[in-house]
Amino acid sequence: QLFRQEGSCYQQAKQVLHVAVPERIHAREKEMGIIRTFLRDHVCGHRPGSLYISGAPGTGKTACVSRVLLNCKDELAGSKTIVVNCMALGSPASVFPAVAQELGLPGASGREAVRRLEKKLTAQGPMVLLVLDELDQLESKGQEVLYTLFEWPRLPGSRLVMIGLANALDLTDRSLARLGAHPAGTPQLLHFKPYSREQLTAILQERLGQVAGDPVLDAAALQFCARKVSAVSGDARKALDICRRAVEVVELEVKSQTLLKPLPGGE
């Protein structure tokens, strides 16, 4: 009972430090604006196209796309949204049956799956928004899978809008050089830079500011964490993980002290 009273702030702190999609994503207003404009121009404007988002892990790519999709839910209601995490696929070519299933097509693989998808995506119907996270997992010999996906939006009569997210900045230049031969089919590019020390500090302060009572981690500790992480990677997830682990250590120490504390009036 004593620990529940003293430890509730640590529970709250761990919850707010979990890697999740927050209501507000700090220091990514510009990038979110570009994603929102792209969706409105292409999905709402019935114009097929593609957007390639690059950036190191923990720079907010997936969180920003997820937040924009949530914020634009009403605007996108007339279209079909498909989100695929390519890390979960067994092979690059597995993306085709995965997308086909989302579109209600009968099971197929190989060229047959691609043929059915192309027929479906060029037939009459609502716009289809395909979001492919961890896109670099689809790299394969000859890059045929990636070429096929990026060529779909420029098929005659296509109703596909695609967003691909990957860590590599140069994926389109390095692996998809042929796309450059067709300027109309070249994806729009958006790069997420690593978070700076000031941005990481603001993110940590904003999360922990949601915990009632005295600060669980003091300002100097947050500054130290942000400085170290920004020097190595600028990965916000890493900064959140470090602070959550620090809270867990303090929580264990407090729990141990509370359990050993003598009861009032005891010997």
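**Ground rules.** I worked on a predicted model, in which local features need pLDDT of at least 70 and side-chain atom pairs count only at pLDDT 80 or more, while totals for chains, interfaces and linings use all residues. Residues are numbered from 1 along each chain as its sequence is written, and side-chain values use heavy atoms, with hydrogens and water left out.

**Cores.** I looked up the nonpolar cores, meaning sets of buried Ala, Val, Leu, Ile, Met, Phe, Trp, Tyr and Cys residues joined through side-chain atoms within 4.5 Å, where buried is under 20% relative accessible area, exposed is over 50% and partly exposed lies in between (1.4 Å probe, protein chains only). The largest has 45 residues, and among those with the most contacts inside it I noted Leu17, Ile35, Leu39 and Leu204. Helix α10 (residues 236-260) gives the most to this core, with 6 residues; helices (H or I, at least four residues) and strands (E, at least two) are DSSP runs numbered from the N terminus. At least three residues of this core come from each of domain 1 (7-22 + 195-260) and domain 2 (28-191), with bounds from an automatic or database domain assignment.

I then followed Leu39, which touches Cys44, Val68, Leu69, Leu76, Leu129 and Ile163 when residues up to four places away in sequence are not counted; contact here is heavy atoms within 4.5 Å. A second, separate core of 31 residues includes Val95, Val145, Leu149 and Ala166.

**Sheet.** I traced an open sheet of 5 strands in the order β2-β3-β4-β1-β5, with parallel pairing, two strands being paired if DSSP finds at least two bridges between them. Because β2 (80-85) and β5 (188-192) stand at the edges with a single partner strand each, one side of each is left without a neighbour in the sheet. Neighbouring strands are turned by 15° against each other on average, direction ignored. Strand β1 (residues 49-55) pairs with β5 in the parallel sense over 5 bridges, and Ser54 stands opposite His191 in β5.

Helix α4 (residues 95-102) lies across β2 and β3 (128-133), running at about 150° to β2; axes are lines fitted to C-alpha atoms, for helices over the stretch in contact, and angles run from 0 to 180 degrees between N-to-C directions.

**Positive phi.** His46, in the loop between α2 (29-44) and β1, has a phi near 55°, positive in a residue other than glycine, and is exposed at 56% relative accessible area. Gln143, in the loop between β3 and α6 (144-151), also has a phi near 55°, but counts as buried at 13% relative accessibility.
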